[in-house]
Amino acid sequence: MVTRAPHPVSSDATTAARIHGPLRRLAWITDPHFDHATLDTWQIWVDGLLAEQPDALIVTGDLSEGDDVAFQLRRLAETLDRPVFFVLGNHDFYGKRIAEARRDIIQLARDLPRLVYLTDCGAVLLDQRTALVGDDGWGDAVEGDFECSSVRLNDFEAIDDFRGQAATARKAILQQQGRESADRLGEKLRSLPDSIDRVLVATHVPPFREACWYHGHTTDDHWAPFFVCGQVGQLLRHIAKEFPSRQFVVLCGHTHHDGIAQMADNLIVHTGFSDYGQLATESMLRLGEDSLRVPRQASTGKFSNCD
Ligand SMILES: [Fe+2]
Ligand SMILES: [Fe+2]
C-alpha cells in the first residue's frame, strides 16, 4: 500500500497509488540513462528482466534527461505492467527547474498508477515487516571541501536553477536540496508502523563518503560535495540509532561505480554500477520470511554475491 508522505513534494494530499503486496522479488537498476541506450539494448534488458519475473522494479535515478524522463517512465510502466518505484537523479532535472521537473513527474505518476515516485509518497509496505521509502537526494555540499573543489558539474549549466549563479548561490541550493530530502525522509522513517523491522531506502546520491565509490575507492574532498548527500547520511545515522531493532538497507547510485558500505550493525548501503549505453539489472532483491537479500555481482571484482 502506498500513502502520501506527511509533507509530500506536491500539495495534493490524495493517495498516489495502491500496491497490493506482498512483493517478494524486487529488481533494482540505477542510473540507466535510457537516452543513451539503443532500442535493441533496451529490448534485451526488458526481456531478461521479465524472464526473472520480478514483482516490481526499483530505479534509483538518472533515468534520462528533460522531457524524455516522462517518456521512459511511461514506457517502463506500460511494458513491465507491474509497479515501478523510482526516485529522480540530477540528470532527470536537465533542461528544467528542479520544482518544474518534479511537478511534471508527479502528474505523470498520478496518471499512471503503476508509477510510484517515492519522493512524493509515504512508505510502501512491501510485506508485513518490510517498508520501502525513498527520496531523490542531492550532492549537497556538506561533505568534502566545496570552496576548494575544482569540480564543475554539467548540472550547473543544464539545470535552470543553477545556470548563471555564483558559487555561493549554488552551494545554498545544493544544501537546501539535501536538507529537504533529509526532512522528507525523516518524516517517513519516523512514522513507520511498529510491525516494520526491515526498511529499504531508495535514493540517488550516496549518503556517506564511505558509500561513494569510484574504481573501488571512496571519494576525495573535491568530489564529495557533489557526490555525497551528507544531510541524508546524518539522518540515517540518527535513525539507525533510534530504531536499533530495524534493519536499514540503502540502495543508491550516481557515481556509476559499485560497492557496499556497512555503516552500522543495522545500516548498510549498496551503491550500484552503471555504464552509459548499457543496461543491466543491479540486483534481484529477495524478501524472505527470515532475510532480506540483495545479491550483487560486482563489476569491479571487489565482491561477489554479497548480501
Ligand atoms: Fe548517472
Ligand atoms: Fe547522477
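**Helix 3 and a few residues worth a look**

Q: Which exposed residues sit on the face of helix 3 turned away from its buried side?
A: That face carries Ala 99 and Asp 111, both exposed. Please keep in mind that this is a predicted model.

Q: And which residues of helix 3 are buried?
A: They are Ile 98, Ala 101, Arg 102, Ile 105, Ile 106 and Ala 109.

Q: What covers the buried residues of helix 3?
A: The cover includes helix 2 (68-80) and strand 5 (115-117).

Q: What makes helix 2 roughly parallel to helix 3?
A: The axes of helix 2 and helix 3 come within 10 Å and cross at roughly 20°. Angles under 35 degrees count as roughly parallel, so that is how helix 2 and helix 3 are described. In the contact, helix 2 contributes Val 69, Ala 70, Leu 73 and Arg 74, while helix 3 contributes Asp 104, Ile 105 and Leu 108. The crossing is right-handed.

Q: How do you know that the length of helix 3 agrees with its number of residues?
A: Helix 3 (residues 98-111) has 14 residues, which at 1.5 Å a residue should span 20 Å. Its end C-alpha atoms are 20 Å apart, so the two values agree.

Q: Why is Asp 62 called buried?
A: The cut-off for a buried residue is 20 or more other C-beta atoms within 10 Å. Asp 62 has 25 C-beta neighbours inside 10 Å, so it counts as buried. Asp 62 lies in the loop between strand 3 (56-60) and helix 2, and has a positive phi of about 55° although it is not a glycine.

Q: Why does His 215 count as exposed?
A: A residue is exposed at 12 or fewer such neighbours. His 215 has 9 C-beta neighbours inside 10 Å, so it counts as exposed. His 215 is in the loop between strand 9 (213-214) and strand 10 (217-218); its phi is positive too, about 50°, although it is not a glycine.

Q: What makes Phe 86 buried?
A: Phe 86 has 28 other C-beta atoms within 10 Å, and 20 or more is what the term requires, so Phe 86 is buried. Phe 86 belongs to strand 4 (residues 84-87). Leaving aside neighbours within four places in sequence, Phe 86 is in contact with Val 59, Tyr 117 and Leu 118.

How values were computed:
Residues are numbered from 1 along each chain as its sequence is written. Chains are lettered from A and ligands numbered from 1 in the order in which they are written. This is a predicted model: local features need pLDDT of at least 70, side-chain atom pairs count only at pLDDT 80 or more; totals for chains, interfaces and linings use all residues. Helices (H or I, at least four residues) and strands (E, at least two) are DSSP runs, numbered from the N terminus. The expected span of a helix is 1.5 Å times one less than its number of residues. Two residues are in contact if their C-beta atoms, placed from the backbone, lie within 7 Å. Axes are lines fitted to C-alpha atoms, for helices over the stretch in contact, and angles run from 0 to 180 degrees between N-to-C directions. Angles under 35 degrees count as roughly parallel, over 145 as roughly antiparallel, 65 to 115 as roughly perpendicular and the rest as oblique. A crossing is left-handed if the near helix is turned anticlockwise from the far one by less than a right angle, and right-handed if clockwise.
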